[in-house]
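Here are some notes on the charged side chains, meant to be read slowly with the model open beside them. Please look at each pair in turn as you go through the points.

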Amino acid sequence: MAIIQDAASGQTAVVNSSHRLLVGSVSRSEDRQSNINGDYYSAFFQVTPAGANDYFFYLRNDGVEDITVTDFRMSSTVTTRLLIHRVVGTPVFAGANTTTITSRNLGSSKSPLVTARDDTDITGLTSEGIMFFEDMSAIDTLFDLRLSSTIIIPQGQAIAMQRVGATGLITIDVSMSKVDIA
């Protein structure tokens with residue numbers, strides 16, 4: 001076995017006969033590492049959209065680092081289908097609701113630079129495509145839309161959620177994190 005030594009620090013590394021560097025490591029999921037860094041959040045809200053096909057949640061990245069959305073946990077007091085759109089435009093809100101965003105690292109005071117609003121009827125938006133849907137086929141039942149690829153929201157970009165039919169209270173928790181580009 002060969003030993004590599006750093007001239008400045010004197011630290012060493014071992015290379016085996018197969019020319020492989022021998023190391024020890026701990027693997028963590030990106031979500032877990034983001035949370036350790038204080039950059040993982042829950043956006044929680046409850047809203048009753050005014051009617052069918054109304055946007056009721058808006059999320060725009062106002063920071064310079066990408067925001068990822070990893071999953072949506074939701075329930076409804078009526079059966080319905082929810083659509084998640086990529087949107088453009090200037091949102092017009094019917095009320096003054098600001099979605100509650102909480103860090104999942106209780107020791108962190110960080111918060112994401114986003115506009116997150118829930119409302120009964122958000123207008124002024126144009127859909128640039130539907131990214132996901134969820135059929136909420138049972139009332140008062142938890143549905144978990146886990147996004148293996150995540151939604152990546154760059155600076156200035158936005159998503160919105162729309163209810164297709166019926167009215168009724170929707171409870172949602174959106175999981176998001178700031179992307180560590182370092």
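1. A salt bridge here is a side-chain nitrogen of Lys or Arg within 4 Å of a carboxyl oxygen of Asp or Glu. With that in mind, please note that the model is a predicted one, and that the structure holds 11 salt bridges.

2. One of these pairs is Asp135 with Arg81, whose closest N and O atoms are 2.6 Å apart.

3. Since Glu128 lies in strand 9 and Arg86 in strand 7, the pair ties together parts that are 42 residues apart in sequence. Are these two residues buried, partly exposed or exposed? Glu128 has a relative accessibility of 48% and is therefore partly exposed, while Arg86 is partly exposed at 38%.

4. The side chains of Asp144 and Arg146 also meet in a salt bridge, with an N to O distance of 2.8 Å. Asp144 is partly exposed, its relative accessible area being 29%, whereas Arg146, at 62%, is exposed, because the cut-off for exposed is over 50%.

5. Which residues belong to the network that includes Asp144 and Arg146? Salt bridges with shared partners join Asp71, Arg73, Arg104, Asp144, Arg146 and Asp173 into one network.

Terms used:
Residues numbered from 1 in each chain as written. Predicted model: local features only at pLDDT ≥ 70, side-chain atom pairs only at ≥ 80, totals over all residues. Heavy atoms only, no water. Helix = DSSP H or I, 4+ residues; strand = E, 2+ residues; numbered from the N terminus. Buried < 20%, exposed > 50% of the residue type's maximum accessible area, 1.4 Å probe, protein only.
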